[in-house]
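Let's take a walk through this structure together, one region at a time. Please have the sequence and the 3D view open as you read.

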Amino acid sequence: NAGVMQNPRHLVRRRGQEARLRCSPMKGHSHVYWYRQLPEEGLKFMVYLQKENIIDESGMPKERFSAEFPKEGPSILRIQQVVRGDSAAYFCASSPDSSHEQYFGPGTRLTVT
Amino acid sequence: LAKTTQPISMDSYEGQEVNITCSHNNIATNDYITWYQQFPSQGPRFIIQGYKTKVTNEVASLFIPADRKSSTLSLPRVSLSDTAVYYCLVLTEGDYKLSFGAGTTVTVRA
């Protein structure tokens, strides 16, 4: 049973470009969570999604950030017009139900130049 | 959410026991104490959870005194591969917004 998959593992974007981060949850998991870890800080919750629904996006910046979890395919975290402050590690986690027992992926390290 | 306080870092040597204490003075009746481990360049990994007294699994033990205002994660006979950041979280059943602070960076030396 494969774990949570994230790609790409490393992503470099210039200021103003778009970043698309993908997350495939564990088999059988329909709940996906995105977290951001800024340098020298702990992970912070961004958004919680179920298939085709955003359940809680209270941790997501109001502008430039969006997330989706379509009926088919991976969950996508999209950052438009990236700025240097978006440089961070973005982690995806999944669970079989709404739970704190979440399984994390290896993360995507975004660098904005 | 109950606030937690844990040491920023701890150093140890291979074969020693490492004990990390976490303070959570305002823990609520329905809260559980949960510990995660994060290796460099990886996502956090759940290692143990408890409500009171003692919990043990193949990775660690968790000691929780009767007042539950603190807890101690014990890693027996650490090896170099136990070098990681360890996070203490206090969660209620159904919580999904995990909030990780700075954690405790444990460095194991040969």
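Across the interface of chain A and chain B in this predicted model, 11 residue pairs are in polar contact, both partners being at pLDDT 80 or more.

The size of an interface is often given as the accessible area lost when the parts come together. Here chain A and chain B bury about 1,600 Å² between them, and 51% of that area is on carbon and sulfur atoms.

Charged pairs are worth a look next. The structure holds five salt bridges over all chains, and the count between chain A and chain B is one. That bridge pairs the side chains of A:Asp56 and B:Lys97, at 3.4 Å from N to O. A:Asp56 lies in strand β6 (residues 53-56) of chain A, while B:Lys97 lies in the loop between β8 (84-92) and β9 of chain B, so the pair joins two chains. With a relative accessible area of 10%, A:Asp56 is buried, whereas B:Lys97 counts as partly exposed at 35%.

Within chain A, the side chains of A:Asp86 and A:Arg64 also meet in a salt bridge, at 2.7 Å from N to O. This pair links distant parts of the chain, 22 residues apart: A:Asp86 is in the loop between β8 (75-79) and β9 (88-95) of chain A, and A:Arg64 is in the loop between β6 and β7 (65-68) of chain A. A:Asp86 counts as buried at 3% relative accessibility, and A:Arg64 is partly exposed at 25%. Elsewhere in chain A, you can find A:Glu18, A:Arg20 and A:Arg78 linked in a network of salt bridges.

In chain B, B:Asp11 forms a salt bridge with B:Arg109, the closest N and O atoms being 3.3 Å apart. B:Asp11 lies in strand β1 (residues 9-13) of chain B and B:Arg109 in strand β9 of chain B, so the bridge ties together parts that are 98 residues apart in sequence. B:Asp11 is exposed, with a relative accessible area of 55%, and B:Arg109 is partly exposed at 40%.

Now step back to view chain A as a whole. Chain A has zero helices and 11 strands. Its radius of gyration is 13 Å, close to the 13 Å that the globule rule gives for 113 residues, so chain A is as compact as a globular protein of that length. The C-alpha trace of chain A spans about 35 × 25 × 25 Å along its principal axes. Buried residues make up 45% of the 113 residues in this chain. Take the contacts in chain A between residues at least 6 apart in sequence: 53% of them join residues at least 24 apart.

Is B:Thr104 buried or exposed? B:Thr104, found in strand β9 (residues 104-109) of chain B, is buried, with a relative accessible area of 0%. A polar atom of its side chain lies 2.5 Å from the backbone oxygen of B:Pro7. Beyond its neighbours within four places in sequence, B:Thr104 is in contact with residues including B:Ile8, B:Ile20 and B:Tyr86.

B:Thr53, in strand β5 (residues 53-56) of chain B, counts as exposed at 52% relative accessibility. Leaving out residues up to four places away in sequence, B:Thr53 touches B:Leu62, B:Phe63 and B:Ile64.

B:Asn57 sits in the loop between β5 and β6 (61-64) of chain B and counts as partly exposed at 27% relative accessibility. Its side chain reaches the backbone oxygen of B:Ile47 at 2.6 Å. A polar atom of the B:Asn57 side chain also lies 2.8 Å from the backbone nitrogen of B:Ala60.

Key
Residues are numbered from 1 along each chain as its sequence is written. Chains are lettered from A and ligands numbered from 1 in the order in which they are written. This is a predicted model: local features need pLDDT of at least 70, side-chain atom pairs count only at pLDDT 80 or more; totals for chains, interfaces and linings use all residues. Side-chain values use heavy atoms; hydrogens and water are left out. Buried area is the accessible area (1.4 Å probe) that two parts lose on being put together, summed over both. A salt bridge is a side-chain nitrogen of Lys or Arg within 4 Å of a carboxyl oxygen of Asp or Glu. A polar contact is a pair of N or O atoms within 3.5 Å; within protein, one must be able to donate a hydrogen and the other to accept it, and residues adjacent in sequence count only if both atoms are side-chain atoms. Helices (H or I, at least four residues) and strands (E, at least two) are DSSP runs, numbered from the N terminus. The radius of gyration is taken over C-alpha atoms; the globule rule is 2.2 Å times the number of residues to the power 0.38. Buried means under 20% relative accessible area, exposed over 50%, partly exposed in between (1.4 Å probe, protein chains only). Contact means heavy atoms within 4.5 Å.
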